[in-house]
Every structure is written in structure tokens, then in C-alpha cells.
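I am opening a notebook page on a structure that is new to me.

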Amino acid sequence: MSFILTAVIMFGFWLLLSGHFTFILLTSGIVASLIVAYFSHELLFGDIDLKITVNRIVRLIKYMPWLVWEIIAANIDIVYRTLHPSMPIDPEMIEFDTNLKTETGIAILANSITLTPGTVTVEAKRDGKFKVHSIVRGVNMSGMQAKVEMIEGNRDV
Amino acid sequence: METRAIITLVLLGIGCFFIVVASVGIIRFPDFYTRVHPAGKTDTMGQAAVLIGLAVYEGLSLVSVKLVIIMLFLAIANPTATHALAKAAYVAGLRPWRKGEPRR
């Protein structure tokens, strides 16, 4: 299952990047994507439940517009703090726990924290403990945390 | 064509502005952890604006699809690299700067 899925995705990517539809290029594309899928399908998908994964991808796509807006806000904030003559910053390290269970969820939250206003992930542990460097005091992470937990759903795979 | 060129110019201008401000921030901020903030965030935004601008100029073609793919890869890789830098500094025992201390 994951083998076929990987091969199809690899071949689609090949077509997207090459843009040529001659016989020799299509054949080598099929051969190459089969070889890559044979070696790496366990790395890319492993043993997955297709329904849960599709649901997660849909929720991730719904999360994206909010994240893009947060990134724009983060950048305007950083530009303001950089160019302000007295540099209004007051950094601190904060630690908090999350209920994230999958590595993908932890990676999404860690990258989202780094991209959004005034915070950079310093440490993200497998058990959901986060350590974050914040450029101003008193940042609240719970909104984003809840959104990422929502993407993950309540399955622990 | 005219409007497309204008949109491209605006996006390229925004992107260049953010990248320049990020460079200023890396020099102005007081210590390693705060310097990582402009490097990780503002560069992501800057490169995204520049690459989207180029994709708009190119129109709907394979080249613009490739530009968008490059943008997505950078948008994932950049915060990850930032996190790796910050974590390396933390593991090495670098103490974060507090308000009122001298610049490092």
C-alpha cells in the first residue's frame, strides 16, 4: 500500500519537475520512482491508516491560512523591534508541556512556534515538552498548541 | 502584463525590505538567541515574497510551480535550521541575555 502510494507521488513529482513527455523520459521516470519507492516507502509513510492521514492533511491545510497570517504578523513585529531606536525587547526562556503524541505533531508545533511572533523553539522533546526562547515576556502559546493538537486528532499513531 | 509586472515589483520590494531588515536585526540585537529571531523568521518571509513575486511574473507554467516548490522547501527548512542553531547554543550552555545586561 505505502509502496504504491510512494511510487505514484514520486512519479508525479518527476513529471512536475521534468515537463517532458517523451517515451525515454517517462520510462526512466517510472523505473526511478519504483526504485526510490522500494527503498524508502517505509520512511515516508510506514504503516499508516489512510483515513486518519487524509483527515490530518485536510486539517493541516485548514490550519495553513492562519499560520501564514501569523507569520506576516511576526515579521512586522520583528521589523518594528529591530528598527525602533530603543529596541523594546525583554527576552526570557519559557517551558511548557503539550499533549502531542506524534512526531509529526511535535515537528509542526516546533516549526510554527519558530515562525510566529517573537518565539524560537529551543528544545522539543519526544514526550511533548517544549522549551521556547521568547523575545518579550508573557507570551501565551496555548492557542497555537490547541490548534496543532486539533490537527493531530486524538490518535496516538 | 502591466499589472503583473507591478505586482512582481511590489512583492520583490517587500521581500528585499524584509531581508535587509533581518540583516540589520542580526547586527543590532544583543545576543545569540535574540539574533536568531530575525535570521529565522524574517528571512523566511523575505524569500517567500521574492519567490512568489517571480512566480507571478512567470505566470502559470512549470517554472512557477518549481519556484513555489522551492519556497515551500525553504519555508520548512528555515525554521528547522533555526531550531537546530538555538538548540546547539542551549546544549553548549550559552546563557540567554536578560534586559539591562550589556550587549554581547
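Predicted model: local features only at pLDDT ≥ 70, side-chain atom pairs only at ≥ 80, totals over all residues.

**Entry 1**

Next I asked which residues of α5(A), residues 142–152, are buried. I found Q145(A), V148(A), I151(A) and E152(A). Around the axis they cover an arc of only 120 degrees, which puts them on the same side of α5(A).

I then looked at what the buried residues of α5(A) pack against, and they pack against α3 and α4 of chain A. On the face turned away from the buried side of α5(A) I listed the exposed residues S142(A), G143(A), A146(A) and M150(A).

**Entry 2: the sheet**

I looked up the strand order in chain A and got β1-β3-β2, an open sheet of three strands with antiparallel pairing. β1 (92–97) and β2 of chain A are the edge strands, as each pairs on one side only. From one strand to the next I read an average twist of 25 degrees.

I took the two pairings in turn. β1(A) and β3(A) are antiparallel and share six bridges. β2(A) and β3(A), the latter being residues 129–134, also run antiparallel and are joined by five bridges.

I then followed single residues across the sheet. V132(A) in β3(A) is the bridge partner of I94(A), and T121(A) also stands opposite V132(A).

Where is the positive phi in the hairpin of β2(A) and β3(A)? It belongs to G128(A), with a value near 90 degrees, and the hairpin has four residues between the strands.

**Entry 3: what lies on the sheet**

I asked how many of the six residues of β2(A) are buried. The count is five, so β2(A) is largely enclosed by the rest of the structure.

I looked for helices on the sheet. α4(A) lies across β2 and β3 of chain A and runs at about 150 degrees to β2(A). Chain B also supplies a helix: α3(B), residues 62–91, packs on the sheet and touches β2 and β3 of chain A. I noted that the direction of α3(B) makes about 65 degrees with that of β2(A).

**Entry 4: where the chains touch**

I counted the contacts between the chains: 25 residues of chain A are in contact with 29 residues of chain B. On the chain A side, the elements that give two or more residues are α1 (2–18), α3 (50–83), α4 (103–115) and β2 (119–124). Which element gives the most? It is α3(A), with seven residues. I sorted this side of chain A by class and got 16 nonpolar, seven polar and two charged residues.

**Entry 5: domains of chain A**

I read off the division of chain A into domain 1 (2–44) and domain 2 (52–152). Over C-alpha atoms, the centres of the two domains are 34 Å apart.

**Entry 6: two single residues**

I picked D90(A), which lies in the loop between α3 and β1 of chain A. Is D90(A) buried or exposed? I found 12 other C-beta atoms within 10 Å, so D90(A) is exposed. Not counting residues up to four places away in sequence, D90(A) touches V136(A), R137(A) and K99(B). I also took the C-alpha separation of D90(A) and F13(A), which is 45 Å for 77 residues along the chain.

Leaving aside neighbours within four places in sequence, I found S64(B) in contact with A55(B), E58(B) and G59(B). The C-alpha atoms of S64(B) and L51(B) are 8.8 Å apart, and 13 residues lie along the chain from one to the other.

How values were computed. Residues numbered from 1 in each chain as written. Chains lettered and ligands numbered in written order. Contact = placed C-beta atoms within 7 Å. Nonpolar A, V, L, I, M, F, W, Y, C, P; charged D, E, K, R; others polar. Buried ≥ 20, exposed ≤ 12 C-beta atoms within 10 Å, placed from the backbone. Arc of directions from axis to C-beta. Pairing = 2+ DSSP bridges. Domains from an automatic or database assignment. Axes fitted to C-alpha atoms, helices over the stretch in contact; angles between N-to-C directions.
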